[in-house]
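Here are a few exercises to work through with the structure open beside you. Try each task before you read its solution.

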Amino acid sequence: MSQTTTEDVLAPLRRAFANDAVKVAVMYIAIWVVFYAFGDHLGYGNSGILSLVRRVTFLAAVYGIVVLALNIQWGYAGLFNIGVAGFMAVGAYTVAMLSSPPAGSPPGLGLPLPIGVLGGILAATLVGLVAALPALRLKADYLAIVTVAISEIIRITYNSPAFSDVTGGARGFGNLPTSPVEALLLQDPTSPASEATSLGETVFSFAAEYGISQFAVINTLYTVGVLLVLLVVYLLLERAGKSPYGRVLKAIREDETAAQSLGKDTQNFKVRAFALGCGLMGLAGIVWFAMGPRASVTPQTFRPNITFYIFIALIIGGAGSNTGSVLGGALFASLLFEAPPMIRSIIQETFQVSANPGNLIEALIPIASGNLAPLGGFLLNNIDSLRFIGMGILLVVLIQRKPDGLLGARKETAAGVPLTADTRPDTGRADADAAAADGGETDE
Amino acid sequence: MSEDDAPGVADADIPDDVDVPEDVEPETMDSDVEESAKTVPRSVPLRVEGLRKEFGGITAVDGATFAVEEGSLTGLIGPNGAGKSTTFNCITGVHEADAGDVYFRGEEISGEQPHDIVERGLVRTFQIARQLGEMTVLENVMLAPGGQQGESITRSVLPGTRGRVVAQERELREKAWETLEFFELDHLATEYAGNLSGGQRKLLELARALMTDPSVLLLDEPFAGVNPTLEEKLLDRIHDLREQGLTFLLVEHDMDLIMQNCEHVIVMHQGRVLDEGPPERIKNNEEVIEAYLGGEV
């Protein structure tokens, strides 16, 4: 009796959870709650908790955007692009060159930001096309080599002293455009400490009542903007994926010859998917690095390791699923970048770990005498390096145990209409059409 | 659809149904089939002339020349390595032939891309079924039709045009269900194609090819690995479709099957056409028997 009632309670919950929007919302709220608890436990003030949650949200959102962009290439069309960092660099550098103030060093063109952003996306798309047109005729492995090479060529070119008048060379592009939030709230957007505009005055004084600084307000509003960009990119790719276009891309991933023999011009589809993905990577590079709280356009920012983080995030979420991409990006960014230092602080505070051995040997020797504290201290102090080892282990386990991804489904249907239930028009079972319309994958 | 696009052969075209009183469309193999073929000249949708394809030092196809008649079920046989599959690949643009021409409804199609050839109405299936494993059966079938508006990103994404894409998808889904019912695959519609049995994959491949709305179908060993019951079912479907006016060229190793079902048989050996004609003639050809039973393969 009690069992049936619990099932009755759980059934609508399970149905709600099949909805993609609910999944994403639950994931984000869970991350916020966990990090709020971290901050609260460590005695951060309102401002501290806000900036912690804001940092996690920002990383989760930018990872979401770039993982979505990679998903259309790799998850849908099976195009193995490991030059993600390079395409992000093109977007970020281009917007900096176009929209930075001409007075700074290196000088920008001072064009309005929307033109700069559009230019950055177009430049990334064009570089993607230049790479794709010859390379897409190659097999997957060779495409991977070409893309990683292009990514490095882009980085080294920006790094080169020969172009340092335009790119800033190894020191990077120090003169970055101001974000729309700064332009809206500050009288002199180039200096974060300047006088507020009338709108800024209202917002800042409201925040000040909760002890939140002007600086935190700007970054928080910018992060909300990034979340909106993520939403738009998600909706765009969700529509592109759940359509005949996405269906052909998946067919190419499964078997390109079969797709050709059904009359699909696969080369054309691949080029379009690659260009779309590269353009969105450029957009991700812009919102992530060209402005906002993590603004830093230097050649070091765009090293290949960032590409591999993005791949890990996509694999965690489940390649081939847009929702999985957003979830994977959020989970990866919070777990890898923000959670370990929090956990370290909490453990250190709770257990009073004070030992601080200089190396692994010094940490291991006391174990013989039954003293585990030095090892614990060593692990905690080196959590920044160790988390990458942990990520590697997680990746190996995931690929072995859950090749379809932890959260998403590679097998998401690609059609403009639901296909999951019996949708025959003449059988009277068509009401299943409506039930499946919210994308429920009941037959998995 | 492409029958209308070929003005050169329109006058010789025999309509799909029995509109022309002289021409009795053959339903089974009997002797008057050849009679009618002789008396009424039938159009030739597919013609191959002097086709040649080399791989390194091996000449897989060495000057093959043959023609496939409208509405026929033509068999293409030959021992392993005779060049049947390579011929298929050259006709459908998967390989580029080194020499020779392929004509489809009077127009030369040699060197065209596979997808262009499909658009003309010449569609093939593969010896090893190429199901798209991580897509459902219904998705597999809905992939095939040409002219899908939603294959454009902008039309799929923009609010103004998305409605039309969805409407077309709804029509496609209806047609897909009909096709799946025709092949008795409807109970598997939501199953992933990778989970189907070998025989079901062959059925799916034929269903998918049919969704492209072809006028000539090239089937590469459609019965290989298919159990007798399913083979019977597949054959029934092929005969049904032929009655609706489709033309078939069929590669097959089962001689009995070819002799009982095809009205015209082409024998290939070492890249050349050894002989062609009605089954009776092929059965009694010494060279053919030699090629299959003895000689170097």
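**Exercise 1.** How many residues of chain A are in contact with how many residues of chain B? Then work out which helices of chain A supply the touching side.

*Solution.* Keep in mind that this is a predicted model. Start with the count: 35 residues of chain A meet 38 residues of chain B. Next, look for helices of chain A that each give at least two residues to the side touching chain B: these are helix 10 (214-241), helix 11 (244-254), helix 12 (256-260) and helix 13. Helix 11 of chain A has the largest share, with seven residues. Finally, sort the touching side of chain A by class, and you get 14 nonpolar, nine polar and twelve charged residues.

**Exercise 2.** Describe the overall make-up of chain A: its secondary structure, its burial and its contacts.

*Solution.* Begin with secondary structure: chain A has 19 helices and zero strands. Then check burial, where 46% of the 444 residues of chain A count as buried. For the contacts, take those in chain A between residues at least 6 apart in sequence; 70% of them join residues at least 24 apart.

**Exercise 3.** At what angle do the axes of helix 5 and helix 13 of chain A cross? Say whether the crossing is left-handed or right-handed, and go through the residues that make the contact.

*Solution.* First, recall what you need: two packed helices are described by the angle between their axes and the distance between the axes. The axes of helix 5 (residues 113-135) of chain A and helix 13 (residues 266-290) of chain A come within 7 Å and cross at roughly 140 degrees. Only angles over 145 degrees count as roughly antiparallel, so helix 5 of chain A is oblique to helix 13 of chain A. The crossing of this pair is right-handed. On the helix 5 side, the contact residues include Gly120(A), Ala124(A) and Gly128(A). Among those on helix 13 are Phe274(A), Cys278(A) and Gly282(A). By class, the residues of this contact come to 15 nonpolar, five polar and no charged.

Technical notes
Residues are numbered from 1 along each chain as its sequence is written. Chains are lettered from A and ligands numbered from 1 in the order in which they are written. This is a predicted model: local features need pLDDT of at least 70, side-chain atom pairs count only at pLDDT 80 or more; totals for chains, interfaces and linings use all residues. Axes are lines fitted to C-alpha atoms, for helices over the stretch in contact, and angles run from 0 to 180 degrees between N-to-C directions. Helices (H or I, at least four residues) and strands (E, at least two) are DSSP runs, numbered from the N terminus. Angles under 35 degrees count as roughly parallel, over 145 as roughly antiparallel, 65 to 115 as roughly perpendicular and the rest as oblique. A crossing is left-handed if the near helix is turned anticlockwise from the far one by less than a right angle, and right-handed if clockwise. Two residues are in contact if their C-beta atoms, placed from the backbone, lie within 7 Å. Ala, Val, Leu, Ile, Met, Phe, Trp, Tyr, Cys and Pro count as nonpolar, Asp, Glu, Lys and Arg as charged, and the others, Gly among them, as polar. A residue is buried if 20 or more other C-beta atoms lie within 10 Å of its own, exposed if 12 or fewer, and partly exposed in between; C-beta atoms are placed from the backbone.
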